[in-house]
Structures are given as structure tokens and as C-alpha cells.
Amino acid sequence: MKTLADYGIDETRFNPNQMQQIKEGLESGVDVSIYADPKFDSDQMWSIKTGLKEGLDVSIYADPKFNYDQMLVIEAGLRAGVDVSIYADPKFDNNQMNEICSGLISGRDISIYADPKFDWCQMMQINLGMKDGVDVSIYADPKFDDNQMMQIRKGLESG
């Protein structure tokens with residue numbers, strides 16, 4: 001098993017929670033050099049370590065520009081085998097990423113709503129409409145807030 005010294009890791013640069021993630025990675029045999037950087041908080045380190053243990057391509061999200069919650073959604077997409085490059089962008093918050101990922105997993109045309117001009121609640125209404133088979137083009141417009149979108153969607157669903 002490699003040690004902290006083998007990776008040139010200076011323990012004084014990390015808080016105890018970060019060191020715990022690094023030590024657990026060493027014990028698991030993963031390449032801790034990918035996340036043994038003080039720019040990652042311990043939650044981000046955990047996410048990267050978990051992805052490494054699962055054999056995921058963590059290079060997609062092992063970047064401090066993604067917070068922990070965003071990393072989790074990118075991981076979920078990688079596990080599901082979808083093209084995470086569509087939403088692995090810090091311009092989307094984790095909730096927006098989740099709606100895009102959900103649509104991709106379901107095989108929907110997410111190009112209709114995979115745009116930061118929609119907040120996640122609007123994305124959810126468009127995604128739900130697509131799931132229910134309604135013509136979302138009627139309300140897939142950022143001029144409608146999510147409540148308006150919901151009312152339009154429900155009206156379309158009930159004919």
C-alpha cells in the first residue's frame with residue numbers, strides 16, 4: 001500500500017476530514033493523487049474516491065468548479081451510462097443537472113429544456129410533460145414560471 005509520502009502529501013495542508021478521505025483512498029488502493037488537493041473539500045474528495053473505487057471516469061467531475069451535489073449527479077449519470085457531457089457544466093446547478101440526467105436516463109429529448117435559461121422547477125415541468133406525452137412546446141418557454149407551466153401541463157393532460 002502506498003503511503004502519504006509516496007504521493008508527496010503534506011498532511012499539514014489538509015483538515016482532519018480531508019485526511020480521512022485520503023487515508024481511506026490509500027487503504028482502498030485508489031490513486032489519491034487525483035483528489036489529494038486542498039482545493040477539494042472532504043465531501044468532494046469522498047465523491048471522487050467513490051467514483052474511483054467504482055471504476056468511473058472521474059476526470060469528468062474531479063474539478064473544484066463542481067460542488068459535491070453536482071458531482072453526485074454526474075456520478076449518477078456515469079453509472080447509468082448516459083452522456084454526462086450534456087450537463088457536466090457548472091452553469092447548471094445540481095437540481096438542473098438532475099432533471100437533465102433524469103430525462104437522459106428515460107430517453108427523452110432533453111434538448112428542449114437542457115438550457116440554463118430554465119430553472120430546475122421549469123425543467124421538471126417540461127420533463128413531466130414529456131413523460132406524460134403532452135406537447136411541451138406550448139409551455140417550454142422561460143417566460144412561464146414553473147407554476148404557470150404546471151397549470152398548462154395539467155390542462156393539456158386533461159384535454
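**Close-up views of the predicted model**

**View 1. Glu54, Glu75 and Arg79 are joined in a network of salt bridges.** A salt bridge is a side-chain nitrogen of Lys or Arg within 4 Å of a carboxyl oxygen of Asp or Glu. This is a predicted model, in which local features need pLDDT of at least 70 and side-chain atom pairs count only at pLDDT 80 or more, while totals for chains, interfaces and linings use all residues. Residues are numbered from 1 along each chain as its sequence is written, and side-chain values use heavy atoms, with hydrogens and water left out. Arg79 lies in helix H3 and Glu54 in the loop between H2 and H3, 25 residues apart; helices are DSSP runs (H or I, at least four residues), numbered from the N terminus.

**View 2. Lys49 forms a salt bridge with Glu24.** The closest N and O atoms are 2.5 Å apart. The pair links helix H2, which holds Lys49, to helix H1, which holds Glu24. Lys49 is buried at 2% relative accessibility, whereas Glu24 is partly exposed at 26% (buried means under 20% relative accessible area, exposed over 50%, partly exposed in between, with a 1.4 Å probe and protein chains only).

**View 3. Arg153 forms a salt bridge with Glu157.** Their closest N and O atoms are 2.9 Å apart. Both residues belong to helix H6 (residues 146-157) and, being four residues apart, are separated by about one helical turn. Arg153 is buried, with a relative accessible area of 8%, and Glu157 is partly exposed at 36%.

Definitions and conventions:
Helix = DSSP H or I, 4+ residues; strand = E, 2+ residues; numbered from the N terminus.
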